[in-house]
Amino acid sequence: MNDAPQPTAPAATSADATADIRAAKGAASPSAEPIIKMEKVVKRFGDAVVLDGLDFEVAKGEKVTIIGPSGSGKSTVLRILMTLETIDDGLIYVAGKPLWHEFHNGRLVPASEGHLRAMRKEMGMVFQQFNLFPHMTVLRNITESPMHVLGLSREKARKRAHKYLDLVGMTDHAEKFPSQLSGGQQQRVAIARALAMHPNIMLFDEPTSALDPELVGEVLNVIQRLSEEHDLTMLLVTHEMAFARQISDRVCFFDKGVIVEQAPPEEIFSEPREERTREFLKGFLDTLNGH
Ligand SMILES: Nc1ncnc2c1ncn2[C@@H]1O[C@H](COP(=O)(O)OP(=O)(O)O)[C@@H](O)[C@H]1O
Ligand SMILES: [Mg+2]
């Protein structure tokens with residue numbers, strides 16, 4: 001992965017950086033090596049400017065929640081990172097390498113398909129609508145990409161799939177089809193599928209928004225366990241404020257394609273500084289703070 005010149009010069013080794021983050025949990029640590037770095041990113045759909053010069057960093061191992069009104073650009077950020085959407089301007093670095101560009105004779109040029117494919121391996125994404133392959137069993141949903149993208153043997157891919165099925169509590173459902181599962185079960189399979197690619201970064205786009213209320217808990221529990229037991233960087237869009245408060249190192253409030261305010265959860269949920277954040281959180285804050 002080190003075939004391109006390193007555009008950023010991280011001061012610390014990644015092990016040091018991770019330790020820094022742990023020590024400073026909740027505080028943005030400027031010396032830590034960012035695993036995601038977005039610089040002045042612009043995204044337009046037609047005339048609409050959806051991301052308006054967005055600067056955004058996530059440190060290695062950090063758990064960051066994005067909150068904000070519908071249409072503020074939250075999904076677009078994740079989809080750009082997952083290379084499902086292009087950018088119109090700015091630069092993004094993932095794990096120290098440009099995502100949408102690559103170095104060619106020392107110059108940054110638009111990324112080739114091969115570069116994008118390599119970069120994509122850094123990330124796994126979980127969607128609101130699960131997006132499982134409907135014609136494949138649970139097991140095959142999980143083994144497909146490790147076999148065809150990573151080149152794992154069937155046996156290795158199966159072994160890996162069972163490990164993650166166990167982690168999400170779905171071992172008994174390996175031979176079922178998605179339509180035979182509840183939404184919560186499908187989403188847990190989708191999480192196992194993403195993990196089976198061994199990403200360093202997990203992106204969650206409102207993973208519980210499509211679920212019946214009684215199924216939300218089982219998915220949040222899995223995500224919580226992941227965040228506690230695995231050294232993953234997590235970027236999570238959610239409207240589950242109590243959950244965001246529990247698992248996040250940092251919460252970012254998005255509005256109209258910019259970050260209005262970002263702070264550790266205990267700050268932003270008790271004393272938001274910006275009027276727009278207060279307005280957005282009004283209903284949630286009363287419930288959260290027990291008024
Ligand atoms: N493929 C697309 N084509 C046109 N407009 C889009 C597309 N995807 C998103 N948008 C627009 O971009 C804005 C931000 O969308 P999105 O990132 O999905 O917001 P959020 O996830 O915060 O609700 C919205 O106004 C949305 O309508
Ligand atoms: Mg969205």
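By class, the shell around ligand 1 holds three nonpolar, seven polar and one charged residues; here Ala, Val, Leu, Ile, Met, Phe, Trp, Tyr, Cys and Pro count as nonpolar, Asp, Glu, Lys and Arg as charged, and the others, Gly among them, as polar. The model is predicted, so to speak of local features a pLDDT of at least 70 is needed, side-chain atom pairs count only at pLDDT 80 or more, and totals for chains, interfaces and linings use all residues. Residues are numbered from 1 along each chain as its sequence is written, while chains are lettered from A and ligands numbered from 1 in the order in which they are written.

The residues around ligand 1 are F45, A48, V50, G68, S70, G71, S72, G73, K74, S75 and T76, where a residue counts as near if its C-beta atom, placed from the backbone, lies within 6 Å of the molecule. Two or more residues come from each of strand 2 (48-59) and helix 2 (74-81), and helix 2 gives the most, with three residues. Helices (H or I, at least four residues) and strands (E, at least two) are DSSP runs, numbered from the N terminus.

S70, one of the shell residues, is found in the loop between strand 3 (63-67) and helix 2. S70 is exposed because 7 other C-beta atoms lie within 10 Å; the cut-offs are 20 or more for buried, 12 or fewer for exposed, and in between for partly exposed, with C-beta atoms placed from the backbone. S70 and D255 are 185 residues apart in sequence, yet 8.8 Å apart in space, C-alpha to C-alpha.

Strand 2 also meets strand 1 (residues 34-45): the two run antiparallel and are joined by nine bridges, pairing being assigned if DSSP finds at least two bridges between two strands. R44 has V49 in strand 2 as its bridge partner. The two strands form a hairpin with two residues between them, and G46 in the turn has a positive phi of about 60°.

Elsewhere, six strands form an open sheet of mixed pairing in the order 8-9-10-3-11-12. Its edge strands, strand 8 (123-126) and strand 12 (258-263), each pair on one side only. Within this sheet, strand 9 (residues 201-205) and strand 10 (residues 233-237) pair in the parallel sense over five bridges, and D205 stands opposite V237 in strand 10.
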